[in-house]
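Please keep the sequence and the model in view while reading the numbered points.

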Amino acid sequence: KHLRSDVFFHVAAHPQVRFMSTRVHYVTGEILHVVGHLEAAGKIVPLEFAATVRHVGDALEIEATTTVDQRQLGMRSGRLGMIRPPATLHVKARLSR
């Protein structure tokens, strides 16, 4: 409930958190270099990270880990005091045919 409040993600005004890639290019093996921006809490933060792409059966699995300074999203304190940046974001998705 607290994370949905206007102190953090302000879900009432900004119900979605999304990442939009602006550039993706193949590096080597299963690694992609991804550039884009994260949109959350009405703010936009640029991100750049490596993503791993694997074939799993007849699907593609994409996994990436990066960090973001949540202060750039307007998040400064929690119930227990100051938030320690950066936050680690880990995403894993499977795309089926």
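This is a predicted model: local features need pLDDT of at least 70, side-chain atom pairs count only at pLDDT 80 or more; totals for chains, interfaces and linings use all residues.

1. Strands here are DSSP runs of E with at least two residues, helices are runs of H or I with at least four residues, and both are numbered from the N terminus. Two strands are said to pair if DSSP finds at least two bridges between them.

2. Residues are numbered from 1 along each chain as its sequence is written, and side-chain values use heavy atoms, with hydrogens and water left out.

3. As to the overall composition, the protein has seven strands and zero helices. Read from the N terminus, its elements follow the pattern β-β-β-β-β-β-β. The C-alpha trace spans about 45 × 25 × 25 Å along its principal axes.

4. Five of the strands form an open sheet in the order S1-S2-S3-S4-S7, with antiparallel pairing. S1 and S7 stand at the edges with a single partner strand each, so one side of each has no neighbour in the sheet. On average, neighbouring strands of this sheet are turned by 25° against each other, direction ignored; the axes behind this angle are lines fitted to C-alpha atoms, and angles between N-to-C directions run from 0 to 180 degrees. In general, strands of a sheet pair through backbone hydrogen bonds, either parallel or antiparallel.

5. The pairings can be followed across the sheet. S1 and S2 are antiparallel and pair over nine bridges; within this pair, arginine 23 stands opposite valine 35 in S2. The hairpin of S1 and S2 has two residues between the strands, and glycine 29 takes a positive phi near 55° there. S2 and S3 pair over 10 bridges, again in the antiparallel sense. Their hairpin also has two residues between the strands, with alanine 41 taking a positive phi near 55°.

6. Which residue is the bridge partner of glutamate 63 in S7? The partner is lysine 92, and glutamate 63 itself is found in strand S4. The side chain of glutamate 63 makes a polar contact (a pair of N or O atoms within 3.5 Å; within protein, one must be able to donate a hydrogen and the other to accept it, and residues adjacent in sequence count only if both are side-chain atoms) with the side chain of arginine 54, at 2.8 Å. A polar contact of 2.9 Å links the side chains of glutamate 63 and histidine 90. With neighbours within four places in sequence left aside, glutamate 63 is in contact (heavy atoms within 4.5 Å) with Ala51, Thr52, Arg54, His90, Val91 and Lys92.

7. Not counting residues up to four places away in sequence, histidine 33 touches Arg23, Val24, His25, Val27, Glu48 and Phe49.

8. The pockets come next. A pocket is an open set of points on a 1 Å grid over the protein atoms alone, with protein on both sides within 12 Å along at least five of seven lines, and lining residues have an atom within 4 Å of a point. The largest pocket holds about 410 Å³ of space, a volume being the space filled by probe spheres set on the points, which are joined across faces, edges and corners. Its lining has 18 residues, of which Phe19, Phe49, Ile62, Ala64 and Val91 lie nearest the centre. Strands S1, S2, S3, S4 and S7 each give two or more residues to this lining, and S4 gives the most, with five.

9. The lining of the largest pocket divides into 14 nonpolar, three polar and one charged. Here Ala, Val, Leu, Ile, Met, Phe, Trp, Tyr, Cys and Pro count as nonpolar, Asp, Glu, Lys and Arg as charged, and the others, Gly among them, as polar.

10. The second largest pocket has a volume of about 190 Å³. Among its 13 lining residues, Phe9, Gln70, Leu73, Met75 and Ala87 lie nearest its centre. The lining of the second largest pocket has 12 nonpolar residues, one polar and no charged.

Key. On a 1 Å grid over the protein atoms alone, a cavity is a set of points where a 1.4 Å probe fits but cannot get out, and a pocket is an open set with protein on both sides within 12 Å along at least five of seven lines; lining residues have an atom within 4 Å of a point.
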